[in-house]
Amino acid sequence: MASSSFNSSYVVSQGDLAKKKIYPTLWWLFRDNLLPQSTMFFGYARSKLTIELLRAKCEPYMKVKPGEEERHEEFWRLNHYAAGSYESDEDFAELDRQLVRLEANAPRVNRLFYLALPPSVFEPVTVHLQRTCMAQNGWTRIIIEKPFGRDAASSQKLSDHLAGLFREEQIYRIDHYLGKEMVQNLMTLRFGNRIFSPTWNRDNIASVQISFKEDFGTQGRGGYFDEFGIIRDVMQNHLLQILSLVAMEKPASCHPDDIRNEKVKVLKCIRPLQLDDVVLGQYVGDPEASDPEARLGYLDDATVPAGSNTPTFAMAVLKINNERWDGVPFLLRCGKALNERKAEVRIQYQDVSGDIFDGKGKRNELVIRVQPGEALYIKMMTKSPGITFDMEETELDLTYCSRYKGLKLPDAYERLILDVFCGSQMHFVRSDELSEAWRIFTPLLHQIETEDIRPTPYKYGSRGPKEANEMAKRNNFVFYGTYTWVRPQH
């Protein structure tokens, strides 16, 4: 991809995401020589900044190692910035003139725009970009950050707006979870191993639980979170994306559209969620906690509207109405201020038929740990070491920090931004996929809001509402509480 005949200009907004993720990611890709050699970086936002001020904002997140200082200086010499309105035709025309001056000596020019923008200005910005800033003799690609709407109607409005300006192959809807190592590994795990394929069905699998847990609350930023809630923020996108990869049929090939076609097919087999399918929770403070933050509940955050019914925890049971998965519950579980930080897929197998061990055996589980500490392990029963004939739970363990010592895994944004440069949409969300996701969740979200459904309180640092555990048990997920995965030492 790197070639002197290409000159890629990169435009971003200068918000929180830009300084914490986008600029650091661009630096890491540049440092590792993964970008086209003639790439330049151009920032555009309303803030009146200089490159020096922009650099100072990004500095805490760049992770420059000893010996990389000169390369880091070279990166910043390739950066440019302009301040302008998001609504002004003339400001975008001036942006284009500045880009053209920088690109003057390149025989072919590609432009990649990363739109890290508030939803309120998204439409005018995309209109201005399409009118005035498209590449004239190369490709133009647009990266779009979530939220992709708030419900089915607003998402469709956004998709229709984009379809009127750009072709679908120009649009990259980014969900950073699709760039994580273990999420990307699902394809290989499922379709590259004979050992798993024959059992990946309703005859062998009792339930599938996909979890996302955070051990901290809103940390004073609850006002932003309250606009979306945990269902929109995590479940409708991250967890549903993982579900579609776990449950989809084998695609015809590894071509991005073949994969995304199968993801859409499995989503079409899921009926919209009802209130009876979910448990909603909202954390309250633990007055006995040693951490001052843990003594505060969600409603104690001054930025949260008084009496808000926004869930900070949600568990939903989805059923897939097809031959492979008929009757198998998929449990999506996510929450803030819980007892630990982790994200994982837990595939629990049926009980062993014809038990000869007097009920001492526990169910097998295949666990794909997304974070923290990427791992894949199979929970199994073995004879306890020694002279007795007792049984115990243990694991076949692939923990990445142990198996691949010293390996640095790329950040999710590194993978995804590089994919955009390469023109691969495999790990990006297509418009019909987005439409199906909102179809599943929109009726529930509207009911929560219009009927003022109150979430169940749960204590900061707990496992969440006990009602969620009861729902999991009713849906063929067994929690024994007797097994602990021992994470290998680095």
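A charge sits over a ring if NZ of Lys or CZ of Arg is within 6 Å of the ring centre and within 35 degrees of the ring normal. The model treated in these exercises is predicted, so that local features need pLDDT of at least 70 and side-chain atom pairs count only at pLDDT 80 or more, while totals for chains, interfaces and linings use all residues. Residues are numbered from 1 along each chain as its sequence is written, and side-chain values use heavy atoms, with hydrogens and water left out.

**Exercise 1. Charges over rings**

Task: State which ring lies under the charged end of R31, and which lies under that of K180.

Solution. Step 1: the charged end of R31 is placed over the ring of W27, at 5.9 Å from the ring centre. Step 2: for K180 the ring is that of Y177, with a distance of 5.2 Å to its centre.

**Exercise 2. Aromatic pairs**

Task: Classify the pairs Y44 with F92 and F75 with W76 by geometry, and describe their burial.

Solution. Step 1: rings of Phe, Tyr and Trp (its six-membered ring) pair if their centres lie within 6.5 Å; planes under 30 degrees apart count as stacked, over 60 as edge-to-face and the rest as tilted. The structure holds 19 such pairs.

Step 1: Y44 and F92 stand 5.0 Å apart, centre to centre, with 45° between their planes, and the pair is tilted. Y44 belongs to strand β2 (residues 40-45) and F92 to helix α4 (residues 89-102), so that this pair links distant parts of the chain, 48 residues apart. Helices (H or I, at least four residues) and strands (E, at least two) are DSSP runs, numbered from the N terminus.

Step 2: both Y44 and F92 are buried; the term means under 20% relative accessible area, with exposed over 50% and partly exposed in between (1.4 Å probe, protein chains only).

Step 3: F75 and W76 have ring centres 5.3 Å apart and planes at 75°, so their pair is edge-to-face. F75 is buried at 0% relative accessible area, and W76 is buried at 4%. One aromatic cluster contains both rings together with Y23, W27, F30 and F41.

**Exercise 3. Salt bridges**

Task: Locate the partners of the salt bridges K146 with D233 and R369 with E344, and give their burial.

Solution. Step 1: a salt bridge is a side-chain nitrogen of Lys or Arg within 4 Å of a carboxyl oxygen of Asp or Glu.

Step 1: K146 and D233 meet at 3.7 Å, N to O. K146 is in the loop between β5 (140-145) and α6 (152-163), whereas D233 is in helix α9 (residues 229-247), 87 residues apart. K146 is partly exposed at 25%, and D233 is likewise partly exposed at 25%.

Step 2: in the bridge of R369 with E344, the closest N and O atoms are 3.3 Å apart. R369 lies in strand β12 (residues 365-371) and E344 in strand β11 (residues 342-349), so the bridge ties together parts 25 residues apart in sequence. R369 and E344 are both buried.

**Exercise 4. Backbone geometry**

Task: Identify the cis peptide bond and describe the backbone angle phi at A337.

Solution. Step 1: most residues other than glycine have a negative phi, and most peptide bonds are trans. Step 2: the cis bond joins Q371 and P372, with omega about -15°; P372 lies in the loop between β12 and β13 (375-383). Step 3: A337 is not a glycine, yet its phi is positive, about 60°. A337 is found in the loop between β10 (329-335) and β11 and is buried at 0% relative accessibility.
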